[in-house]
Amino acid sequence: MFNPVIIGALVIQAIVRNISSIAGAIFGYIITTGILIWGLSVYAEGNIITFFSIPLSKQIFLYAVFAWYWLDTNELRGAIKENNKIVDERLPNEIECPQCGEKLELEEAERIERKFTCVECNSLIDLSLEKNEKSQSDKLDSEIDLHPTANGIMQ
Ligand SMILES: [Zn+2]
């Protein structure tokens, strides 16, 4: 009898998560809180919650809710990390076409996808597979920048 509430909440959360992982994670907190309030009212009325026909004591229900909060937190942390990664790996606003050297202005979507079509030579440029190599070379650049004096002494 109580299963539809929990299952429904999980389905709604999965749908929201598909739209935005951060919104999905925040929505997870709201759902978990909703389940907590609903569950406490069920126990206050002297009823018991069953999940897949397993009766849950109030204590087990509370443990499950806290475990769920912990999962929500992990998910939110993961979503924020993923989101930062996307921002970091975006292509710059302006880029030179690797095929013809034309300076191009990129749309936000092209920067995130790391794919664009050159308006000058019509080449489809796909830099989506070069993410890791690029972040590695960025790292090397910043390591070199850290020791400008050392380089000066060498010369
Ligand atoms: Zn081009």
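This is a predicted model: local features need pLDDT of at least 70, side-chain atom pairs count only at pLDDT 80 or more; totals for chains, interfaces and linings use all residues.

Biologist: Why are α2 and α3 called roughly antiparallel?

Modeller: The axes of helix α2 (residues 21–44) and helix α3 (residues 58–88) cross at roughly 170° and come within 8 Å. Angles over 145 degrees count as roughly antiparallel, and therefore α2 and α3 are described in that way. Residues that make the contact include Ile22, Ala25, Tyr29 and Leu36 of α2, and Phe61, Trp68, Leu76 and Ile80 of α3.

Biologist: What is the division of the residues in the contact of α2 with α3 into nonpolar, polar and charged?

Modeller: The contact of α2 with α3 comprises 14 nonpolar, 5 polar and 4 charged residues.

Biologist: What makes Ile6 count as partly exposed?

Modeller: Ile6, which lies in helix α1 (residues 3–19), has 18 C-beta neighbours inside 10 Å. A buried residue needs 20 or more and an exposed one 12 or fewer, so Ile6 is partly exposed.

Biologist: With which residues is Ile6 in contact, leaving aside its neighbours within four places in sequence?

Modeller: Ile6 is then in contact with Ile35 and Phe51. Ile6 also lies 9.1 Å from Ile31, C-alpha to C-alpha, although the two are 25 residues apart in sequence.

Biologist: Which value of phi does Arg114 have, and which does Asn122 have?

Modeller: Arg114 has a positive phi of about 60°, and Asn122 has a positive phi of about 65°; neither residue is a glycine. Most residues other than glycine have a negative phi.

Biologist: Where do Arg114 and Asn122 lie?

Modeller: Arg114 is in the loop between α4 (108–113) and β5 (115–117). Asn122 is in the loop between β5 and β6 (124–126).

Biologist: How do you know whether Arg114 and Asn122 are exposed or partly exposed?

Modeller: Asn122 has 10 other C-beta atoms within 10 Å; the limit for an exposed residue is 12 or fewer, so Asn122 is exposed. Arg114 has 18 within that distance, which lies between the limits of 12 and 20, and Arg114 is therefore partly exposed.

Terms used. Residues are numbered from 1 along each chain as its sequence is written. Helices (H or I, at least four residues) and strands (E, at least two) are DSSP runs, numbered from the N terminus. Two residues are in contact if their C-beta atoms, placed from the backbone, lie within 7 Å. Axes are lines fitted to C-alpha atoms, for helices over the stretch in contact, and angles run from 0 to 180 degrees between N-to-C directions. Angles under 35 degrees count as roughly parallel, over 145 as roughly antiparallel, 65 to 115 as roughly perpendicular and the rest as oblique. Ala, Val, Leu, Ile, Met, Phe, Trp, Tyr, Cys and Pro count as nonpolar, Asp, Glu, Lys and Arg as charged, and the others, Gly among them, as polar.
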